[in-house]
Amino acid sequence: MTEGYKVQTYHQPVKRYCQTMDLKNEPALIKEYRNRHSEDNAWKEILDGIRAVGILEMEIYILDNRLFMIVETPLDFDWDSAMAKLATLPRQQEWEEYMAMFQDCDATATSDEKWKMMERMFYLY
């Protein structure tokens with residue numbers, strides 16, 4: 001897609017976290033993983049939980065079997081405490097188990113353990 005993506009506008013400064021994870025390199029599984037994250041199939045409780053811990057926006061991009069996630073939060077957001085809280089919210093563990101079959105990582109890991117935080121190595125401005 002070369003036309004770009006519209007980004008959210010905030011009336012406050014935000015922090016951005018970038019993470020990556022690999023899926024199993026099996027086209028049928030990748031197709032189903034995409035389907036389960038579609039607007040019609042993503043679980044409402046999971047989306048509500050993400051918002052409840054203070055996340056303003058979350059986007060996942062895909063290339064082959066590589067996922068890249070961008071998370072935007074307020075400046076006072078504390079990642080570790082938010083992820084600990086998220087893990088206890090309704091259906092979160094069930095969602096992790098539901099997604100595990102697609103992910104190329106430990107099936108018993110939490111979301112925060114599966115997604116690897118990336119380091120920014122370049123910044124234009």
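This is a predicted model: local features need pLDDT of at least 70, side-chain atom pairs count only at pLDDT 80 or more; totals for chains, interfaces and linings use all residues.
If we step back to the whole sheet, we find an open arrangement of 4 strands in the order E2-E3-E1-E4, with antiparallel pairing. Its edges are formed by E2, covering 57–63, and by E4, covering 116–117, and each of these edge strands pairs on one side only.

Now to helix H1, which spans 27–36. In this helix, Leu29, Ile30, Tyr33 and Arg36 are buried, and because they cover an arc of only 125 degrees around the axis, they lie on the same side of H1. On the other side of the helix, Pro27, Ala28, Lys31 and Arg34 are exposed. What do the buried residues of H1 pack against? They pack against E1, E2, E3 and H4.

That brings me to the largest nonpolar core, which has 24 residues, and in which Tyr33, Ile55, Phe77 and Met83 have the most contacts inside the core. At least two residues of this core are supplied by each of strand E1, helix H1, helix H2, strand E3, helix H3 and helix H4, with the largest share, 4 residues, coming from H3.

Finally, I would like to stay with Ile55 for a moment: leaving aside its neighbours within four places in sequence, Ile55 is in contact with Ile50, Val71, Glu72, Thr73, Phe77 and Met83. Of these partners, Phe77 and Met83 were already named, with Ile55 itself, among the core residues with the most contacts.

Notes: Residues are numbered from 1 along each chain as its sequence is written. Side-chain values use heavy atoms; hydrogens and water are left out. A nonpolar core is a set of buried Ala, Val, Leu, Ile, Met, Phe, Trp, Tyr and Cys residues joined through side-chain atoms within 4.5 Å. Buried means under 20% relative accessible area, exposed over 50%, partly exposed in between (1.4 Å probe, protein chains only). Contact means heavy atoms within 4.5 Å. The arc is that of the directions from the helix axis to the C-beta atoms. Two strands pair if DSSP finds at least two bridges between them.
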